[in-house]
Amino acid sequence: MSLERFLENAVSSWMNEEGPDSDIVLSSRVRLARNFKDFKFSTLFSQEEALQIINVVKERFGNKNIPAVGDLELLEMSNLQSLEKRVLVEKHLISPQLAEDSPYGACLLTENEEVSIMVNEEDHLRIQCLFSGLQLNEALKVANDIDDFIEGQIDYAYEEDRGYLTSCPTNVGTGLRASVMIHLPALVITQQMNRIIPAINQLGLVVRGIYGEGSEALGNIFQISNQITLGKSEIDIVEDLNSVVQQIIAQERSAREAIVQTSNIQLEDRVFRSYGILQHARVLESKEAAKCLSDVRLGIDLGYIKNISKTILNELMILTQPGFLQKYAGGPLRPHERDIRRATFIRERFDLEKKDNSEGGHTL
């Protein structure tokens, strides 16, 4: 398969959009946890009950049009190969838990992949909306529209004094998790993140790596989300997160300006060294690739590097993960083979970008 064709099939359309503050905020996500009233929670239900939930979802929502978002395609985990599930995890469309531990799970997806609804993960339903840039309010609106549509046909587990009931007590109430994926290279370089993370935690928010709890902040990309779901409205939760993220954006911009003023030549050298590695390396481990991609993205944002799309980092941070590399290769790869394939893929992607620009075309 050619790289152009692979990218057309692999890259979610929302990744190529530039939302508000998208030079720093890569994406915004809102997720709602919901459970059906007349079924045991996923932690306790039987195989028969799990299949009943799948059937309910399939009959009422699978391959059908939802007014807020359009058609939804149902993917059952039992029908997918492990590599296919891994790719969905790397695109943040399903969780590792659904991929690995839920043989009776499923996922509803829209064509543009802005919306995914996990079925039989930790809860019966997890409604997720993804947008480019800082668009938490927009993501919340779409998630609520979907939620209202589903609730019009299915009774949720809900109590007036406690709100929506969930498998994990930390999700009881609104069942809402709002998060942003944010690129903070200047705050890392200036060693301010060690101070900022504890301050964020004191505000009832949590900072994680790019794949959530327990994952590493590869490429200076962090996920910031709310911890509190009970006692606050959905709007208040999103507004609180918005406010904190806007402050972090301002601090990152200030840190970038300071580095340019005090260490411009050193920063420019760092950016172009990383750019050279990405264009010419023959072997690249995931951590080194993430570090170099972060540097190049910073160089694009600061104007050091011209004619390269800002969205290239969004693409390559996902497309150079093990699942995608093996999908592009057409089969399993050993770790060293993946490192070789990663380097080749990145070189080809930059060559394709240059070709598109020289021909006056549009980047993918």
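Predicted model: local features only at pLDDT ≥ 70, side-chain atom pairs only at ≥ 80, totals over all residues.
Two strands pair if DSSP finds at least two bridges between them, and strands in this sense are DSSP runs of at least two residues, numbered from the N terminus.

Nine strands form an open sheet in which the order is E2-E3-E4-E5-E6-E1-E9-E11-E10, and the pairing is antiparallel. At the edges stand strand E2 (64-66) and strand E10 (205-208), and because each of these has a single partner strand, one side of each is left without a neighbour in the sheet. From one strand to the next, the twist averages 25°.

E2 and E3 form a hairpin, with three residues lying between them, and the two strands pair in the antiparallel sense over three bridges. Within this pairing, Lys64 has Leu72 in E3 as its bridge partner. Strand E3 in turn pairs with strand E4 (residues 106-109), again in the antiparallel sense, over four bridges, and here the bridge partner of Glu76 is Ala106 in E4.

**A buried aspartate in a loop**

Where in the chain does Asp123 lie? Asp123 is placed in the loop between strand E5 (115-119) and strand E6 (125-132). Asp123 has a relative accessible area of 0%, and it therefore counts as buried, the cut-off for that word being under 20%. The side chain of Asp123 makes polar contacts with two side chains, which are set out below.

| Side chain | Partner side chain | Polar contact distance |
|---|---|---|
| Asp123 | Asn35 | 2.8 Å |
| Asp123 | Arg126 | 3.0 Å |

Not counting residues up to four places away in sequence, Asp123 touches Ala33, Arg34, Asn35, Ser42, Thr166, Ser167 and Asn171.

In soluble globular proteins, nonpolar side chains tend to be buried together. In this model the largest nonpolar core has 109 residues, and the members that touch the most others are Val57, Ile94, Ile117, Ile150, Ile182, Ile224 and Phe350. Helix H8 (residues 234-280) gives the most to this core, contributing 13 residues.

Which residues surround Ile182, once its neighbours within four places in sequence are left aside? Ile182 is in contact with Ile24, Val25, Asn220, Ile221, Phe222, Ile224, Val245, Ile248 and Ile249. One of these partners, Ile224, is itself among the core members that touch the most others.

Technical notes. Residues numbered from 1 in each chain as written. Heavy atoms only, no water. Core = buried A, V, L, I, M, F, W, Y, C linked by side-chain atoms within 4.5 Å. Buried < 20%, exposed > 50% of the residue type's maximum accessible area, 1.4 Å probe, protein only. Contact = heavy atoms within 4.5 Å. Axes fitted to C-alpha atoms, helices over the stretch in contact; angles between N-to-C directions. Polar contact = N/O pair within 3.5 Å; in protein donor to acceptor, adjacent residues only side chain to side chain.
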